[in-house]
Amino acid sequence: MRSSLLLLPTTLFTLTTSFAIERRHNRAWPESIRAFYTAVSDRLSTLPPNTISSLTSSTCNIGNPSMPTIPDLPPVTEGLTLYHVAIGRGTQNYTCNPKDPNSIPVAAGASATLYNTTCMSCLAPIAMAQLPAAALSIPTPKGNAQLFPAQAFVSGNHYFTGPAPTFNLHTNAHNYGIQFAAVLSKVPVPEKMIKPGQNVGKDGSKPVPWLKLSSANSLPDTAPGVLQQALGSDGSPVQEIYRVNTAGGSPPKTCDGMKKDFEVDYAAEYWFWAR
């Protein structure tokens, strides 16, 4: 593991001091949030006091991470190590032909805030698995506010630079680099994993596909010139990025009743792997 990862905020475990875990039974909260708190409580109950104390500090040892996967999603390239994990909360963007209500919505990029969940992903993976659904059930935090219910701090932003998915992990608090990417693999979420009230949005939007992306640092020289020009590189060590455990974000089947430009709320885990 990279030594730099040992300095990342734990985020999740501030819950032990800022929230009463027993409040997971509050029926005013969506089921997804109560499920998250239950997972947190279960995890904390298995840890010795000295471990819990270290988790609420500003550092953590991420141990051996285990990224979620589904059939047909290519594995992480051998030799890469975990660099960063974030929850993305924002919108998938689409366009429609207003003259043809039967046409299919066309993807037009995405915009999301990224929240640092590196330590949570390794130290409390079951709680981490509940977080995209929990994040989707509430409005997107504004500005640099923490992500409820995990109290996760902002680690950057996700947007598009021309055709390239961009992950800007440079903030006033840290600089983990800027990654420009290209999709290598796109795998639809199996129907048996799509669950209303969990990874299906309030608007009925199903989870967007899981992705494996390659960063500009690992693109072959034979990549199309327009793509290379759009991507560039800021010297980041990140080689591969995965979008997994998605919630919401998919468009309706047709443009019937939709505006020319529209957004669909989504949340997802993003895993960054580096040499």
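Cys255 is buried, at a relative accessible area of 5%, where buried means under 20%, exposed over 50% and partly exposed in between, using a 1.4 Å probe on protein chains only. Its partner in a disulfide is Cys96, also buried at 9%. This is a predicted model, where local features need pLDDT of at least 70 and side-chain atom pairs count only at pLDDT 80 or more, while totals for chains, interfaces and linings use all residues. Residues are numbered from 1 along each chain as its sequence is written, and side-chain values use heavy atoms, with hydrogens and water left out.

**The disulfide**

- There is one disulfide in the structure, meaning a pair of cysteine sulfur atoms within 2.5 Å.
- Cys96 and Cys255 sit 2.1 Å apart, S to S, and the S-S torsion is about -90 degrees, so the disulfide is left-handed.
- Helices (H or I, at least four residues) and strands (E, at least two) are DSSP runs, numbered from the N terminus.
- Cys122 takes part in no disulfide, as the nearest cysteine sulfur, in Cys119, is 7.3 Å off. Cys122 is buried too, at 14%.

**Salt bridges**

- Three salt bridges turn up, each a side-chain nitrogen of Lys or Arg within 4 Å of a carboxyl oxygen of Asp or Glu.
- Asp265 meets Arg89 at 3.5 Å, N to O. Asp265 is in strand 8 and Arg89 in strand 1, so this pair ties together parts 176 residues apart in sequence.
- Arg89 is buried at 1%, whereas Asp265 is partly exposed at 38%.
- Lys206 pairs with Glu191, with the closest N and O atoms 3.6 Å apart. Both are in the loop between strand 5 and strand 6, 15 residues apart.
- Lys206 is partly exposed at 40%, and Glu191 is exposed at 56%.
- Lys212 and Glu240 come together at 3.5 Å, N to O. Lys212 belongs to strand 6 and Glu240 to strand 7, 28 residues apart, and both are buried.

**Strand pairing**

- Strand 1 (residues 81-95) and strand 2 (residues 106-116) pair antiparallel over nine bridges; two strands pair if DSSP finds at least two bridges between them. Ala86 stands opposite Asn116 in strand 2.
- Strand 2 also runs antiparallel to strand 3 (residues 154-161), joined by four bridges, with Thr113 opposite Asn157 in strand 3.

**Pockets**

- A pocket is an open set of points on a 1 Å grid over the protein atoms alone, where a 1.4 Å probe fits, with protein on both sides within 12 Å along at least five of seven lines; lining residues have an atom within 4 Å of a point.
- The largest pocket holds about 780 Å³ of space, a volume being the space filled by probe spheres set on the points, which are joined across faces, edges and corners.
- Its lining has 33 residues, with Tyr94, Lys186, Val208, Pro209 and Arg243 closest to the centre. Strand 2 gives the most to this lining, with four residues.
- The second largest pocket has a volume of about 340 Å³. Among its 18 lining residues, Ala129, Lys195, Gln198, Asn199 and Asn245 lie nearest the centre.
- Helix 2 (31-44), helix 5 (125-136) and strand 7 (238-248) each give two or more residues to the lining of the second largest pocket, and helix 5 gives the most, with four.
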